[in-house]
Amino acid sequence: MASGIFAILDDIAALMDDVAVASKIATKKTAGILGDDLAVNAEKATGFLASRELPVLWAITKGSLLNKLIIVPIALLLNVFFPIAIKYILILGGFYLAFEGVEKIMEYLFHRKDTNDEGKVEVVVAEDSVAAEKAKVKSAITTDFILSVEIVIIALGTVLGKSLSLQIITVSVVAFLATVGVYGIVALIVRMDDAGYKLIKTSREKGPIASLGRFLVRALPFVIKLLAIVGTFALILVSGGIFAHYIDFLHHALPALPGMIKELLFGLGGGIIVVILFTIGKKLFKKKK
């Protein structure tokens with residue numbers, strides 16, 4: 001009886017060792033996409049009133065956890081029963097990410113608000129802040145869903161051929177760590193200014209601690225702008241990476257170009273195609289109305 005219990009404990013310990021090794025490998029392989037995920041979601045979690053930043057971030061985090069709860073079992077089931085579906089899901093998700101990235105660039109280039117209308121814009125945002133907040137949270141959760149699919153698939157790819165129990169635990173661990181890690185760092189970024197104000201206050205506006213506080217306060221707007229730019233290009237690069245890896249024709253195209261340049265071109269191309277189709281579809285829909 002005792003020997004049987006020890007044997008079970010030994011099996012559990014061996015499984016946990018395998019999980020630790022597999023999770024470490026999977027985390028390394030998903031590091032790039034996690035960096036993109038961080039940039040994209042940090043940009044989406046900013047731009048709210050200070051009192052709403054953490055509630056909005058918590059809403060996105062809960063949505064991200066729900067995404068993982070949906071994606072992980074579906075990915076595992078598809079891997080067993082219908083593995084080819086994963087490829088097409090990733091490609092469709094890639095087109096969505098490319099569309100979002102290119103749309104942001106076009107918005108910046110062609111549809112920026114006139115500086116003379118700043119007061120009007122602020123009134124509209126204030127009046128419609130609840131709707132705008134909900135729309136941004138929904139957009140963030142949708143984008144997170146696509147990025148989460150990519151993270152889960154990459155993590156699953158590191159344990160293919162292993163036992164089902166090892167696959168389930170490893171992918172679940174990576175998915176959980178991805179959510180906690182990404183949104184934990186995002187929370188630190190969006191509260192940079194508050195931390196800076198506290199440092200200034202506690203140091204009575206004197207000395208190196210106050211200087212650090214002022215630096216954090218002044219740096220936040222630049223960090224947010226930088227994350228907006230990085231997040232936009234991250235969307236395009238991730239989508240281009242999906243196209244390059246999962247569309248055979250593109251996988252072998254432009255062999256002389258560096259991988260990042262290829263992915264950027266493929267992402268921009270895919271995004272432009274979807275934007276054109278979306279614009280035509282919207283116009284046709286308006287005509288029918």
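Two rings of Phe, Tyr or Trp count as an aromatic pair if their centres lie within 6.5 Å. By that rule, this predicted model holds two aromatic pairs. One of them joins Phe-95 and Phe-243, with ring centres 4.7 Å apart. The planes of Phe-95 and Phe-243 meet at 45 degrees, so the pair is tilted. The reason lies in the cut-offs: planes under 30 degrees apart count as stacked, over 60 as edge-to-face, and the rest as tilted.

Where do Phe-95 and Phe-243 lie? Phe-95 belongs to helix 4 (residues 84-110), and Phe-243 to helix 9 (residues 207-246). The pair therefore ties together parts that are 148 residues apart in sequence. Phe-95 has 28% relative accessibility, so it counts as partly exposed. Phe-243 has 2%, so it counts as buried. The cut-off for buried is under 20% relative accessible area.

Now step back to the fold. The protein chain has 11 helices and zero strands. Its pattern along the sequence is α-α-α-α-α-α-α-α-α-α-α. The chain has 289 residues, and 37% of them are buried.

Next come the charges. How many salt bridges does the structure hold? There is one. It is formed by the side chains of Asp-144 and Lys-68, at 3.9 Å from N to O. That passes the test, because a salt bridge needs a Lys or Arg side-chain nitrogen within 4 Å of a carboxyl oxygen of Asp or Glu. Asp-144 sits in helix 6 (residues 129-157) and Lys-68 in helix 3 (residues 50-81). The bridge links distant parts of the chain, 76 residues apart.

Lys-68 has a value of 5%, so it is buried.

Other lysines lie at the surface. Lys-282, Lys-283, Lys-286 and Lys-287 form a positive surface patch. Take Lys-286 from this group. Its place is in helix 11 (residues 259-288). Lys-286 has a relative accessible area of 59%, so it is exposed. Exposed here means over 50%.

To recap, Phe-95 in helix 4 pairs with Phe-243 in helix 9. Asp-144 in helix 6 and Lys-68 in helix 3 are linked too. The positive patch includes Lys-286, which is part of helix 11.

Conventions:
Residues numbered from 1 in each chain as written. Predicted model: local features only at pLDDT ≥ 70, side-chain atom pairs only at ≥ 80, totals over all residues. Heavy atoms only, no water. Patch = residues over 30% accessible without salt bridge, like charges linked within 9 Å, V, L, I, M, F, W, Y side chains within 5 Å. Areas by Shrake-Rupley, 256 points an atom, 1.4 Å probe, with all protein chains shown as cover. Lys, Arg positive; Asp, Glu negative; His and termini not counted. Charge placed at Lys NZ, Arg CZ, Asp CG, Glu CD. Helix = DSSP H or I, 4+ residues; strand = E, 2+ residues; numbered from the N terminus. Buried < 20%, exposed > 50% of the residue type's maximum accessible area, 1.4 Å probe, protein only. Phe/Tyr/Trp six-rings, centres within 6.5 Å; stacked < 30°, edge-to-face > 60°.
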